[in-house]
Amino acid sequence: MLLLVQYTIIFASVLCLVALGGCFSEHSGVINLGLEGIMVMGALGGAVTMFLLPSDSSKIVIVLATTLAAVIIGVIYSCLLAVASINFKADQTLIGTAMNLLATAAATVFVRAMNTSLNPDNVSSSIQYIHEKKAFLKYIGKFEFNWFMLMAIVLLIVSYFVLYKTKFGLRLQACGENPQAADSVGINVYAMRWAGVLISGFLGGLGGIVYITAGVSEWKFEMGVAGFGFLALAVMIFGQWRPTKIALAALLFGMFRALSNVYTGIGFLAALHMPSTVYNMLPYIISLIVLAFTSKNSRAPKAEGIPYDKGMR
Amino acid sequence: MNEKAEKKSLLKNPSFQAILTSLICIALGLLIGYIVLLIINPVGAGEAIKTILLNFLSRSSHPARMKALGNTLAKTAPLLMCALSICFCYKVGLFNIGAAGQYEAGACFGLYAALAWHMPWFVCLLIAALAGAVVGAISGALKAYRNVNEVISGIMLNWILLYLTNMMLNKVKDPASPYTLKLASANKAALIPTAGLNAMFSNNKTVTLAIPLAILFAILIWVILSKTKFGYELKATGYNKEAAMYAGMKEKQNIIVTLAIGGALAGIGAAFLFLTGYQEWSTTQTSVPGMGFNGIAATFLGGLHPIGTIFASFFIQSITDGGALINKSVYPSQISDLISSIIIYLCGFVLFFKFALNNWIDRGSKKKEVSKVTGKEIKADDASKGGDK
């Protein structure tokens, strides 16, 4: 049971971070379907950093360097979305999809090239970080505390504060609701949307590294992040684009995801003898059902997905 | 003078523009791919990009070339069907990213019908189409009645169906491997007939009726979209839902029908791959098959035109197969995926590019007019400008 709680919290942290990223981007008016790709890139940056760091680095160096690398790569990668959808007014769905495909392909190519250059016989697309991963963990009794859990909570509070209590956050939201009105009072809509997308890159990249260090100590980059970015989007929609509700939704979805990892250890679930694939499907089925019931009166930002054109009033 | 006017009209021609922009996307995608290859290892990069581009042509003998071409064509047929599925839905304003899930549904029920119920190929094909249509209709119904974005529901269904397919086909798999039973030994009647086509491709048995059928489907979709009232209604719904409703069209029904047709196309696509015996379904796979996503690349590269999609599908499949031929001890074969995903990304800029091109043409022609006109007309022009102010 403790294991279930632990996995729930770590998966909820991932979902919460990434969904908050989506939340910032959508409040500024840009649909970020590329979150999945941003996660892959963040994960790649973090994993490569852990791989390259000398093995005698202190724990704090490992944690900081890995997090920083994931975040920076995530922000850089999100520029692809910002340039295309804000400055060139491209179809945001298409660009997001392309970014997801590009991230998996690029990460696989990069890791394989790296592995092969170090050892010609190694053509795998995975990176191992068994030793480095321990830097993130702290045992409290039997509970495996992860520094990322704390980061998620802090960033959740910061996000809430920024979105609702600062001038910046309110302006950002104005750009997603009515960019023409925002522009007329002197807000730079393009700059605000860039900020929204870059923040989503920051949070998405961080979510990526948290995801691949949750529970496993090796990642095969051919797999991408297994649709987790999209699950986070579902969390965001279920959370009605609000940080507090997003956190609760993340906990719920995180629990269903955690079940597929630990159901064998829980007496009554193991006794049901359901194939493991059922548990793999569960988070997606639940989110589909939940979306069916919550999307009808959606509180989505009104101008999301529509490129802002100064000439259009 | 005449010649120049003709050149201009050619540049202004939308289909010429579509082809031009696609070629530019391809060129840029290949260039970036080449740069990546150069970074990995500069020695063989030129050779590698040549292999990716030439694919079957890089084989040494004529029979080997034809056989490789046959393999590429055999995989182009399912890709084309997925691309048509996405193209059809996009014309109606829906982004069918769920094509991958509909494709999985087709594979699941098509193969199950073939292996568990021992049905002949055309029945399996119909079942696959039906399965895909049902999955598409689920997305459509969620969109029409529950306001769920078809992209999100499509992606969720992709994953649900991946696991469902693994679970279902686990019952008809080869006991010694994770793959489903081979059709050639388990149920020959379920193999799509070759109708003598294989003879042209060095007796490549995977070259079947599926290829001409896929091309027929492309033409059919083109006819439906541009020549029928049904297609017109669907497109009208895509342009403006409210206007379509006001004009008496059943906009909710249209959304569901569109995604169901898209689903059927993707389902048939799966049948076109798995019922040729080209490959078996691996019941342990943990990622959504790339066919549906490559379909997006083919659709946009084909300029969102069913006929253009035929050539684009062949190109995408050809570079994917070419990627498998490069020296794997030096270069990762996913370099082709990288190139095709860059091409999709660049396709996002197509609208902007066309806009810039038209602007450039217009400005060019205006300048010429200005130089031709007499002083009087310039004055008139100025006056009209003044009026604008």
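Begin by selecting residues 189-213 of chain A, helix α9, whose 25 residues should span 36 Å at 1.5 Å a residue, and whose end C-alpha atoms are 37 Å apart, which agrees; the expected span is 1.5 Å times one less than the number of residues. Helices here are DSSP runs (H or I, at least four residues), numbered from the N terminus. This is a predicted model, in which local features need pLDDT of at least 70 and side-chain atom pairs count only at pLDDT 80 or more, while totals for chains, interfaces and linings use all residues. Residues are numbered from 1 along each chain as its sequence is written, chains are lettered from A and ligands numbered from 1 in the order in which they are written, and side-chain values use heavy atoms, with hydrogens and water left out.

Stay with α9(A) and colour by accessibility: 18 of its 25 residues are buried, where buried means under 20% relative accessible area, exposed over 50%, and partly exposed in between (1.4 Å probe, protein chains only). At the N-terminal end, select A:Asn188, which caps the helix with a side-chain oxygen 3.2 Å from the backbone nitrogen of A:Tyr190. Just after the helix, A:Gly215 takes a positive phi of about 90°.

Next, select A:Met50 in helix α2 (residues 35-52) of chain A, which counts as buried because its relative accessibility is 0%. Leaving out residues up to four places away in sequence, A:Met50 touches A:Thr66, A:Tyr129, A:Glu132, A:Phe136, A:Ile209 and A:Thr213, contact meaning heavy atoms within 4.5 Å.

Now show the largest nonpolar core, which has 220 residues, with A:Tyr211, A:Ile212, A:Phe221, B:Phe272 and B:Ile296 having the most contacts inside it. Such a core is a set of buried Ala, Val, Leu, Ile, Met, Phe, Trp, Tyr and Cys residues joined through side-chain atoms within 4.5 Å. Helix α1 (residues 2-28) of chain A gives the most to this core, with 14 residues. A second, separate core of 6 residues includes B:Cys89, B:Ala144, B:Ile255 and B:Leu259.

Over all chains, however, the count comes to 3 salt bridges. One of them joins A:Lys302 to A:Glu177, with the closest N and O atoms 3.8 Å apart, and this pair links distant parts of the chain, 125 residues apart. A:Lys302 is exposed, with a relative accessible area of 67%, whereas A:Glu177 is partly exposed at 33%.

Moving to chain B, select B:Lys143 and B:Glu150, whose side chains meet at 3.1 Å, N to O; B:Lys143 is partly exposed at 25%, while B:Glu150 is buried at 8%. End at B:Glu280 and B:Lys182, whose closest N and O atoms are 3.2 Å apart in a salt bridge, and where B:Glu280 is buried, with a relative accessible area of 16%.

Note on methods
Helix = DSSP H or I, 4+ residues; strand = E, 2+ residues; numbered from the N terminus. Polar contact = N/O pair within 3.5 Å; in protein donor to acceptor, adjacent residues only side chain to side chain. Salt bridge = Lys/Arg side-chain N within 4 Å of Asp/Glu carboxyl O.
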